[in-house]
Amino acid sequence: MTPRYGGKGDFFNQKVELTPADIEFVKKITGLPVIVKGILRGEDAVVAIDAGADAIQVSNHGGRQIDGVPSAISQLQEVAARVGHKVPVIFDSGIRRGIDVVRAISLGATAVAVGRPVLYGIAVGGVGGVAGVIEHLKTELRTAMLLSGARTLKDLAQGFIRNKETEH
C-alpha cells in the first residue's frame with residue numbers, strides 16, 4: 001500500500017528484475033532458508049535451486065488477474081519432475097478442499113499452502129475460526145483419500161490423479 005493511504009511502501013516501486021544472485025544475497029545476509037515463490041516452469045525451478053533456493057513454491061503469484069498466465073496446477077507436474085527430490089515443492093493456488101490437497105500431492109507437491117480459507121476463518125472466528133478451517137480441511141482430506149483408495153499421503157504418487165488441464 002502506498003504511503004498516501006497509510007502504507008509504508010509503493011507496490012509499483014520495487015525490484016522487478018530478480019536474478020539468481022538475489023537468492024544468493026538473501027541467503028547470505030539473512031542466514032535463513034529461501035523459498036522461491038511464483039515458479040511456473042521447470043527450468044526456472046532448476047535455476048533457483050542452483051542459486052541456493054531451499055524450496056520451490058509453484059504459484060501463478062496473482063496471475064489469475066492476467067489473461068494467458070497458466071494455472072499453477074497445470075504446471076505443477078512439470079516443475080516437480082524437474083525438481084526431483086532436491087528440495088521441497090510447495091503448491092500454492094486454490095487449495096480449498098481435501099481433494100485439492102490430494103490432487104496437488106499426486107501431481108508432485110511435497111506440501112500445500114492454504115491461504116484464503118485461513119483468512120476467511122480468522123475474519124469470521126478468530127483463532128477458533130482458523131482451527132475450524134484446518135480441522136474441516138483435514139476431515140475432507142481424509143475423506144478424499146478414503147474415496148481415492150489412498151491410505152497415506154505417500155500413496156499419492158505422481159499420476160494417482162490425472163491433471164485434466166494437461167491431458168489431450
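Reply: Gly-149, with a positive phi near 90°, comes directly after H5 (helices, H or I of at least four residues, and strands, E of at least two, are DSSP runs numbered from the N terminus). Numbering starts from 1 along each chain as its sequence is written, and side-chain values rest on heavy atoms, without hydrogens or water. The model is predicted, with local features needing pLDDT of at least 70 and side-chain atom pairs pLDDT 80 or more, while totals for chains, interfaces and linings use all residues.

Within H5, the axis bends by about 140° at Gly-125 (the angle between axes fitted to the seven residues ending there and the seven starting there). A straight helix of 33 residues would span 48 Å at 1.5 Å a residue (1.5 Å times one less than the number of residues), whereas H5 spans only 25 Å between its end C-alpha atoms. Buried residues of H5 include Pro-117, Gly-121, Gly-129 and Val-133, as well as Leu-137, Leu-141, Ala-144 and Met-145 (buried is under 20% relative accessible area, exposed over 50%, partly exposed in between, with a 1.4 Å probe and protein chains only). H4 is among the elements that cover these buried residues.

The largest nonpolar core holds 34 residues, and those with the most contacts inside it are Val-36, Ile-56, Val-58, Leu-76, Val-83 and Phe-91 (a core joins buried Ala, Val, Leu, Ile, Met, Phe, Trp, Tyr and Cys through side-chain atoms within 4.5 Å). Two or more of its residues come from each of E1, helix H2 (42–50), E2, H3, E3, helix H4 (98–106) and helix H5 (116–148). The most is given by H3, with 5 residues. Apart from residues up to four places away in sequence, Val-83 touches Ala-45, Ile-49, Ile-56 and Val-89 (contact means heavy atoms within 4.5 Å).

Several of these elements belong to an open sheet of 4 strands, in the order E1-E2-E3-E4 with parallel pairing (strands pair if DSSP finds at least two bridges between them). Its edges are E1 (35–39) and E4 (111–112), each of which pairs on one side only. E1 pairs with E2 (residues 55–58) in the parallel sense over 4 bridges, and Lys-37 has Gln-57 in E2 as its bridge partner.

Between E2 and H3 lies the loop that holds Asn-60, which counts as buried because its relative accessibility is 16%. Beyond its neighbours within four places in sequence, Asn-60 is in contact with Leu-40, Val-69, Pro-70, Ser-71, Ala-72 and Ser-93.
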